[in-house]
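Good morning, colleagues. Please look at the model on the screen while I go through its two chains and the contact between them.

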Amino acid sequence: MWLLPPARVVSAAKAMINLPFTLLVEKRTEEVPRWLPAATSVGSVVLAFVVSGIVLAAIGANPLQVYGFFARATFGSWAAFSDTLVKATPLILVGLACSVAFKMKLWNIGAEGQFYIGAFFASLVVLVPLLPTDSSPWLMIPAMMAMGMLGGALWGFLPGLLKARFQVNEIITTLMLNYVAVLWNNFWIFDRWSDAGFQMTPTFGRNSWLPRLSDYAREYPLFSGLTLHLGVFFGLFAAAAVWWILQRSRWGYEIRLIGDNPQAARYAGVSIARNVIWVMMLSGALAGLAGMAEISGVVHRLQERISPGYGFTGIIVAWLAKLHPLGVILVSILFGALIVASREVQPSGIAQMIQGFVLFAVISSDVLLRYKIRLVRAAPQPAGPPGEFA
Amino acid sequence: MNLEVILHAGLATGTILLFASIGEILAERSGVLNLGVEGMMLLGAMAGFSVSLATGNPWLGIVAAMLAAGLLSLAHAVVTVSFQADQVVSGLSLTFLGTGLALVLGNGLTGQNAALLPNFDLAGLSALPLVGPVFFMNHSPIVYLGYLFAPLVWFYIEKTRPGMHLRAVGEKPVAADTMGVNVYALRYGYVFVGGCLAGLAGATISLSVSPGWYSAQTTSGQGWIAIGLVIFAQWNPLRAALGAFLFGALRRALLDLQGPSTLLGFTNPLFINSNFGFFLQMVPYLLTILALVIGSRAAMRKRLGAPAALGEPYIRGERGL
């Protein structure tokens with residue numbers, strides 16, 4: 001009953017009651033059909049919503065009402081959809097950050113911290129100030145982007161170095177650095193950069209804001225009130241870049257090789273230590289850019305809780321997208337919607353709970369990619385091949 | 001800054017880490033890495049607190065906490081042991097799921113007062129000079145349990161037959177299976193036990209050490225620190241207990257540093273500007289990283305440490321590596 005030895009009839013149930021069929025679990029020998037990974041992801045999401053609905057019903061909420069509300073709050077109008085895309089923007093970048101690292105089986109779960117440090121470094125440009133406060137936005141915004149990516153890369157470099165040099169488990173170090181990053185930001189916004197004692201910096205000058213659709217409302221009345229900002233293009237561009245790196249470049253080949261078979265990579269002369277550091281830095285840079293886009297495109301200052309856990313949601317996004325950049329974009333929109341919706345309902349953990357169920361369903365469903373499960377009519381039970389039943 | 005107070009409180013906070021990390025050690029020695037400790041602890045803290053609130057009996061709360069976290073951990077067991085999914089990702093999702101469930105189900109618990117675990121002196125031992133007041137006075141029963149638990153688990157793992165089976169399953173499951181040990185059943189079992197202990201650790205927070213429900217702040221990353229401690233302790237329960245108590249005392253000492261206006265004759269910057277406390281709060285996390293570096297270097301040097309099959313699903317009938 002412990003399931004899933006290869007090519008073995010799971011006959012425990014049949015032994016107890018004589019079912020007219022048996023469940024046959026066998027290892028896939030042929031290629032997985034192309035549609036199946038996507039289908040399991042979609043199925044996982046549906047299943048997660050059903051299970052979460054049961055939990056919601058158990059605590060006395062009406063799940064259909066909650067979900068109906070979710071749908072209206074996220075896709076119900078142009079303004080709602082624009083909000084959803086605004087939340088999807090950091091998720092795309094962070095999801096890509098996780099995808100790149102996970103492709104190499106490098107478990108960077110520090111995207112949250114890299115996001116915060118990216119935001120901090122981008123703020124340096126405005127608040128130190130590194131550039132004259134009346135600089136042109138054409139100078140200001142690229143400088144903030146570069147600093148954001150630099151900060152994130154630095155925050156990824158540290159655990160990367162420890163991993164490459166001392167084989168320190170990167171899961172724990174990246175996670176611990178998340179807490180450090182948040183505390184670091186808190187010091188600056190509570191103390192040095194505090195705006196009149198409030199726990200936030202003063203609002204940045206207009207020249208450091210990413211352009212928004214609503215800025216063009218005079219020319220195009222349709223855009224009025226739409227908060228979507230330029231950052232979404234950072235996400236789309238980064239997705240294309242990551243796809244190219246992973247699928248078309250030599251570096252991407254090395255990343256995939258290390259992920260699939262580190263032994264083979266070592267024999268082929270690929271330096272694992274060097275790739276660990278570079279990939280952690282790329283991953284951190286993407287997450288840092290997300291942090292920059294969030295403060296430059298949405299909040300326009302550095303403050304507490306600029307991320308409702310984007311860094312962690314990015315992990316689920318990456319996994320649900322099967323580490324594919326295009327999938328990351330689609331999944332990010334769905335999860336962006338979940339974040340928008342969860343702001344409006346109580347209790348606050350609903351989105352997190354649904355995310356947990358989604359992730360569980362999707363990793364469980366991976367078994368369908370490795371095994372075929374078929375119902376077969378019960379034939380007279382043949383004697384198993386020798387040695388099959390231990 | 002009173003050393004006796006710091007050590008006393010350190011034991012209480014250290015007990016949380018002790019149970020969580022020993023639970024994780026048991027799961028990992030069987031070959032299953034469970035990164036869901038934070039989620040299980042939070043669910044345990046919530047379940048323990050809410051059951052104690054409803055029944056007025058903190059012991060029922062402890063039982064509920066262990067069961068809730070244990071059941072949650074079974075999800076990890078099903079996915080990793082039976083479905084052979086990646087243990088890292090499954091553990092991460094367990095943290096999400098546990099945190100989410102705890103926040104949803106614990107909605108409305110903030111600000112309530114539940115019946116807490118009683119503190120008492122251990123008669124006889126508390127009269128000892130120096131040691132008595134720190135170790136045996138005014139602690140919750142969980143702390144006293146912890147003193148016994150760590151050596152018992154060490155003895156169990158290293159010196160008993162079931163402990164040998166546990167080690168065999170984590171080091172070389174093929175060999176264990178050949179000898180008639182049920183690898184799958186043992187892995188399920190130890191993941192469950194690890195979950196129960198994480199739940200106990202969580203309930204120790206909400207029912208004793210820092211009573212109450214403060215949503216995700218209740219555990220504030222201690223589950224992750226516990227996992228870090230496992231590596232630092234090189235999968236040895238005794239070293240884990242020592243590390244847990246050191247960490248607990250340190251957390252408490254850091255808290256106390258903000259109090260006095262002078263330190264060793266100098267003006268205490270933390271007293272003047274409490275915002276420097278943010279740097280102080282970083283210390284436990286940075287120390288975890290440092291402990292990991294030390295632990296990993298020692299493991300590299302001595303070529304020992306992680307169970308050989310840690311993170312590897314066992315598939316019966318496939319060539320063992």
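I begin with chain B: among its contacts between residues at least 6 apart in sequence, 78% join residues at least 24 apart, a contact being two residues whose C-beta atoms, placed from the backbone, lie within 7 Å. Before I continue, please note that this is a predicted model, in which local features need pLDDT of at least 70 and side-chain atom pairs count only at pLDDT 80 or more, while totals for chains, interfaces and linings use all residues. Residues are numbered from 1 along each chain as its sequence is written, and chains are lettered from A and ligands numbered from 1 in the order in which they are written.

Chain B has 13 helices and 2 strands, where helices (H or I, at least four residues) and strands (E, at least two) are DSSP runs numbered from the N terminus. Its radius of gyration is 20 Å, close to the 20 Å that the globule rule gives for 321 residues, so chain B is as compact as a globular protein of that length. That radius is taken over C-alpha atoms, and the rule is 2.2 Å times the number of residues to the power 0.38. Along the principal axes, the C-alpha atoms of chain B fill a box of roughly 65 × 50 × 45 Å.

Of the 321 residues of chain B, 52% count as buried, that is, with 20 or more other C-beta atoms within 10 Å of their own, again placed from the backbone. In H1(B), 23 of the 27 residues are buried, so this helix is largely enclosed by the rest of the structure. Helix H1 of chain B, residues 3-29, has a kink of about 30° centred on Gly14(B); the bend is the angle between axes fitted to the seven residues ending there and the seven starting there. Just after H1(B), Gly31(B) takes a positive phi of about 100°.

I turn to chain A. This chain has 14 helices and 3 strands, and 46% of its 390 residues count as buried. Its mean pLDDT, the predictor's confidence in each residue from 0 to 100, is 86, and 90% of its residues reach 70 or more. Over residues 1-16 of chain A, however, pLDDT stays under 50, as it does over residues 386-390 of chain A.

Finally, how many residues does each chain bring to the contact? Chain A gives 45 residues and chain B gives 46. On the side of chain A that touches chain B, helices H6, H7, H12 and H14 of chain A each supply at least two residues.

Key: A residue is buried if 20 or more other C-beta atoms lie within 10 Å of its own, exposed if 12 or fewer, and partly exposed in between; C-beta atoms are placed from the backbone.
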